[in-house]
Amino acid sequence: MVKKPTAPAAPEVVDNMEAFEALLARVRAAQEEYAKFSQEQVDKIFFEAAMAANKQRIPLAKMAVEETQRGVLEDKVIKNHYAAEYIYNAYKNTKTCGVLEHDEAYGITKIAEPIGVVGAVIPTTNPTSTAIFKTLICLKTRNAIIISPHPAAAKCTIAAAKVVLEAAVKAGAPENIIGWIDAPSLDLTNRLMRESDIILATGGPGMVKSAYSSGKPALGVGAGNTPVVIDETADILNAVNSIIHSKTFDNGMICASEQSVTVLDSIYDQVKAEFERRGCYFVKQGKELEALREAMFKNGALDHRIPGQPAASIAALAGIEVPAKTKILIAEVTSTDPNKEEFSHEKLSPVLAMYHAATFQEAVDKAEHLVLAGGPGHTASLYVHPAEKDKIALFENTMKACRIVINTPSSQGGIGDLYNFGMKPSLTLGCGSWGGNSVSENVGVKHLLNIKTVAERRENMLWFRAPEKIYFKKGCTPVAIEELGRAMGKKRAFIVTDQFLYKNGNCRQIEDKLDELGIAHDAFYDIQPDPRLQDAEKGVERMKLFEPDLIIAVGGGSAMDAGKIMWLMYEHPECKFEDMAMDFMDIRKRIYTFPEMGNKAYFVAVPTSSGTGSEVTPFAIITDAETGIKWPITDYQLMPNMAIVDVDNAMTAPKGLTCASGIDVMTHAIESYVSIMSSDYTRGLSMRAAKLVFENLPAAYEKGAADPHAREEMHNASCLAGMAFANAFLGLNHSMAHKLGAYHHLPHGLANAVILTRVMRYNAAEKPVKMGTFSQYQYPHALHDYADLGRYCGCTGADDHEVFENFIKKLEDLMETIGIKKTIAEYGVDEKYFLDTLDEMTENAFNDQCTGANPRYPLMSEIKELYLDAYYGREPQSYEA
């Protein structure tokens with residue numbers, strides 16, 4: 001048997017031609033091996049690589065900002081998250097090996113073959129996210145890849161590639177399937193282009209020209225110079241705030257970002273006023289405009305200091321004084337000729353040119369000229385009433401752009417799958433022949449196998465999920481249990497609870513009814529207030545021996561959480577907590593898919609406290625006592641099948657628990673009402689829950705079981721709020737409270753309470769630095785939402801601001817009535833330890849799953865200030881940008 005020759009070992013550092021040739025040989029050998037892999041093998045590698053990249057999104061974002069000194073950390077986190085989660089979601093089921101399609105009637109068969117070695121050039125503007133994106137689509141298509149990073153972003157780009165490579169190899173990929181140039185140079189990059197089988201280039205016109213001049217097939221993109229037209233029929237609030245949301249994202253470094261806005265004269269003043277109201281600065285004509293021009297452009301080109309810098313820093317370079325939190329600098333100009341007007345160029349920063357137009361046709365003509373002059377083939381944007389089909393048709397037929405986004409932030413709209421769900425997600429955007437490119441769409445996996453998009457803004461489908469059955473009313477427990485036996489035929493019940501409740505007789509009524517029905521039963525009651533994985537594992541062993549077809553969780557949030565986790569482990573012992581706990585931006589697009597539940601046992605939740613709402617939610621949290629890791633698990637498969645909301649099970653709760661759990665209900669109601677995912681199906685539940693808490697918590701707190709009506713209403717409020725946030729989710733208040741509990745052991749309800757009104761003031765800002773990204777959330781309106789909720793709860797005022805202040809006052813009065821302290825410090829949290837853990841706590845609060853649904857997308861610096869305000873009791877500050 002002839003032994004196959006082995007490729008030469010790749011040198012440790014690739015910084016010269018000899019080292020590069022050795023690397024290339026090794027990568028080619030790896031690709032030849034990888035080309036033989038099956039679809040199943042490739043999909044496993046793709047999954048593991050995406051998971052690994054997602055887990056490292058924050059460290060990689062930090063590296064990128066530190067190395068390049070450009071952009072916004074939090075936005076780079078989002079880009080890395082997007083590059084892993086959205087790319088995986090888009091292509092997880094795409095077949096890339098062997099026969100792709102077969103149409104018997106037409107006789108068409110498509111067969112996929114990998115191209116070979118991909119030469120990838122990575123820009124300094126989006127280094128880590130682009131590296132994640134390109135390596136993932138190469139892995140999915142059985143191609144190898146060699147990366148040439150930008151010299152100013154080499155360390156972070158290589159770090160991202162290493163994360164993907166290590167995960168891919170661990171999952172079975174050849175060791176050298178991903179490579180890189182450690183010390184990039186023009187000579188090495190040109191050699192890479194000549195030696196690769198295809199070039200995947202992202203960067204400026206010079207680099208793209210080199211790629212297409214290399215003699216090898218190239219997928220290259222160039223400069224974007226996205227023009228926006230705002231028609232007189234447009235929703236001005238949506239248009240202006242969408243543009244701000246897009247243009248400030250990572251300080252304007254996404255190539256699809258808006259570069260100019262052309263506004264019809266009839267609405268020009270309204271549009272200008274809305275920009276100013278939201279924190280944008282209009283550069284004064286004359287000296288200021290010339291100073292900015294001179295600072296930003298050198299010899300007709302954008303100065304290298306400008307890309308990715310905040311607006312205030314750019315203004316400072318020009319000697320212009322603007323507020324530190326200015327969002328965008330806007331230059332009102334007239335010429336669209338780049339030879340006469342530098343502001344008509346791509347600016348890669350929060351700087352916009354703004355033009356007048358007398359008619360819609362004039363506006364379209366200006367936009368067309370701007371596209372052709374500075375960003376042919378890239379992206380164009382239009383804000384118009386959706387019914388204006390003729391105007392939309394004129395715009396899309398005129399623009400020489402491959403992405404035409406309607407009523408959509410162009411940065412997020414251009415990369416796809418955020419505001420229109422038919423456009424593929426990508427961080428390499430083809431510009432077609434207009435831009436000198438070989439592709440005219442968002443580059444994806446099909447372009448690495450040897451195939452004009454108009455995207456109108458759409459709201460994705462929403463949902464309302466609740467248990468199959470919810471039984472309520474005082475004394476309903478035995479009646480509901482009877483159904484389990486007589487109607488459903490259950491034979492073996494396993495009760496999960498804690499020692500106090502079990503020894504106190506809280507399960508006796510249920511056990512007696514099970515005995516009456518002839519249902520065999522067992523109980524596991526070693527559940528801690530902070531449920532531990534090790535205890536759940538012991539319970540599952542008992543459960544496996546008992547083989548129940550019915551699980552009944554009796555208790556507060558801890559017992560119900562433990563019950564859900566034990567149910568999951570009983571039905572699917574193969575599941576991994578690190579996979580199930582993976583954070584997601586959109587629960588429908590998460591990388592991990594939960595298995596179906598209920599094949600072995602029916603799950604019933606019986607709450608004994610009025611706070612968590614866990615009996616109707618898809619959430620559970622468990623702590624690994626050996627590692628200290630908390631695993632927050634979220635999926636609708638964890639939703640109980642039946643909830644029994646009987647206040648008889650919660651009548652004797654002590655005052656401390658009544659206080660903490662009651663204010664937790666209020667926080668659930670408020671946060672779910674203002675969530676970016678709230679809907680008409682959840683708001684009514686939130687409103688009713690909040691009103692019930694105001695009306696009944698003081699009496700339940702003071703009188704306890706002596707006021708059964710107040711107790712029952714609080715029990716109902718807890719369930720109603722639970723159903724609301726099970727579908728609308730929560731927000732920053734809970735993210736911060738989770739960390740106060742984890743780091744400083746502050747009870748969850750009290751942790752929520754001590755920051756509640758501060759977070760409300762923060763969210764109510766009408767010109768926040770960032771707002772949440774969700775297709776139905778068009779502009780900041782948390783203030784109005786808070787005021788609506790306040791009015792329902794009996795607060796009045798001349799306008800939203802006054803109602804909001806009265807709502808805050810009513811909440812503070814309620815908290816004082818039930819004995820809640822005003823600051824974190826008052827709860828005995830050590831100052832030194834609080835400050836020592838503050839940065840880590842802040843980052844983890846930012847990364848908490850609840851943060852994504854908050855109406856105001858927080859910066860870490862803002863979270864830190866909120867913590868400090870709440871610790872020291874500092875006077876509420878203005879949280880406006």
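Helix H3 is covered on its buried residues by, among others, helix H2 (39-55), helix H4 (73-91), helix H5 (127-140), helix H6 (154-170) and helix H29 (831-846). This is a predicted model, with local features needing pLDDT of at least 70 and side-chain atom pairs counting only at pLDDT 80 or more, while totals for chains, interfaces and linings use all residues. Residues are numbered from 1 along each chain as its sequence is written, and side-chain values use heavy atoms, leaving out hydrogens and water. Helices here are DSSP runs of H or I with at least four residues, strands are E runs of at least two, and both are numbered from the N terminus.

So which residues of H3 are buried (under 20% relative accessible area, with a 1.4 Å probe and protein chains only)? They are Arg57, Ile58, Leu60, Ala61, Ala64 and Thr68. Looking down the axis of H3, these buried residues sit within an arc of 165 degrees, so they line one face of the helix; the arc is taken from the directions from the helix axis to the C-beta atoms.

Now for a helix pair. The axes of helix H22 (residues 655-674) and helix H28 (residues 800-817) come within 12 Å and cross at roughly 160 degrees; axes are lines fitted to C-alpha atoms over the stretch in contact, and angles run from 0 to 180 degrees between N-to-C directions. That makes H22 roughly antiparallel to H28, a label for angles over 145 degrees. Ile663, Met666 and Ile670 in H22 meet Phe807, Leu811, Leu814 and Met815 in H28, where contact means heavy atoms within 4.5 Å.

Note on methods
Buried means under 20% relative accessible area, exposed over 50%, partly exposed in between (1.4 Å probe, protein chains only). Angles under 35 degrees count as roughly parallel, over 145 as roughly antiparallel, 65 to 115 as roughly perpendicular and the rest as oblique.
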